[in-house]
Amino acid sequence: MDVILDFAADLTGRLAIDQKKRHLGLDVKSVAQLDQQLNDFTLPIASPSSSTRRQFDQEGTKLWNTCIQLMTVYRDRKEEVALVCKVKAFAYAMLDYAAPYRGRGSNRTLETAFSIASTCIENGCLDLSQRIIETAAVRLDRLEKYESDIEGSKLQQYTIEYYMLRVYLAWLQGRLDIAEHLFSKIPVSDNGRGQDCVMDICYKIGSCALSHKQYDDSVKWLERALRAFRAGLRLDTKESNGFLAKAMDALKTHYGGMFPVQVIQLELLSKEEVDENVFSQGH
């Protein structure tokens, strides 16, 4: 345990933010040790003491926050970002070990797993993402079986995020049949965040297929993204509308000139006009 904690503290110290540096401050030995830790990945199964949990949580959180800053500093340097992904995955492993399998701490750790798995996928660290998703599966399974206090909508959200990350990963790995099978497991949802996740990943897959001239696949996944968006339009809660607005802003920023995005914009404008008409008629 002390070896892991000392290594984490050393990493945090070495990765001091300096925007003038062209490379991270890690030597060959540190990178090799990091790779070894990631190869083992899962920490000891034995339940840690309260003091050990606290130490792992503190050091893991420090390292995680440092990585968030580094992602901003090195966002345009592919090799450095890939290395930060590794460090962040190690920080996650520490946080996962520190968190109990019950209560809010477990929920927070599951959300952290989805966050780092998504980051790893986006930066090409597919094998690392696969291992993170596997740890999330264990936590989600225990949550479903033993945590009676969790809200149904929250559990549904986690289930959707879990399967959609697996769908995205399988697609990028070229396992298209597996991606289809996993997508079939997505529960029918009236959850705003869940629909946002489905729309986002389906759109990314559709765009990826389009860039590779896989037109049939592109149409299929973009249609799924549009259906998720339409489902979101029927969710008139403040929360769901907030998710839709953020998603729409992101789509316009990155893909504003593409026809599917323009179709989605028309869908949203159409809904706004309908709502205004209903409001006028009511008065």
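## Helix packing around α4

Helices α4 and α6 are roughly parallel to each other (angles under 35 degrees; over 145 is roughly antiparallel, 65 to 115 roughly perpendicular and the rest oblique). The model is predicted, with local features needing pLDDT of at least 70 and side-chain atom pairs pLDDT 80 or more, while totals for chains, interfaces and linings use all residues. Residues are numbered from 1 along each chain as its sequence is written, and side-chain values use heavy atoms, without hydrogens or water.

**Exercise 1.** Find the angle at which α4 and α6 pack, and the residues in contact.

*Solution.* Start with the helices (DSSP runs of H or I, at least four residues, numbered from the N terminus): α6 covers residues 126–146, and α4 covers residues 78–98. Next, take their axes (lines fitted to C-alpha atoms over the stretch in contact, with angles from 0 to 180 degrees between N-to-C directions): they lie 11 Å apart at about 15°. Now look for contacts (heavy atoms within 4.5 Å): C85, K86, A89, Y92 and D96 of α4 meet L128, I132, T135, A136 and R139 of α6. Finally, sort these residues by class: six are nonpolar, one is polar and three are charged.

**Exercise 2.** Work out how α1 and α4 are oriented, and which classes of residue form their contact.

*Solution.* First, α1 (residues 2–14) packs on α4 at about 140°, with the axes 12 Å apart. The two helices are therefore oblique to each other. Then list the partners: I4, L5, F7, A8 and L11 of α1 touch V87, F90 and M94 of α4. By class, this contact has eight nonpolar residues, no polar and no charged ones.

How values were computed. Nonpolar A, V, L, I, M, F, W, Y, C, P; charged D, E, K, R; others polar.
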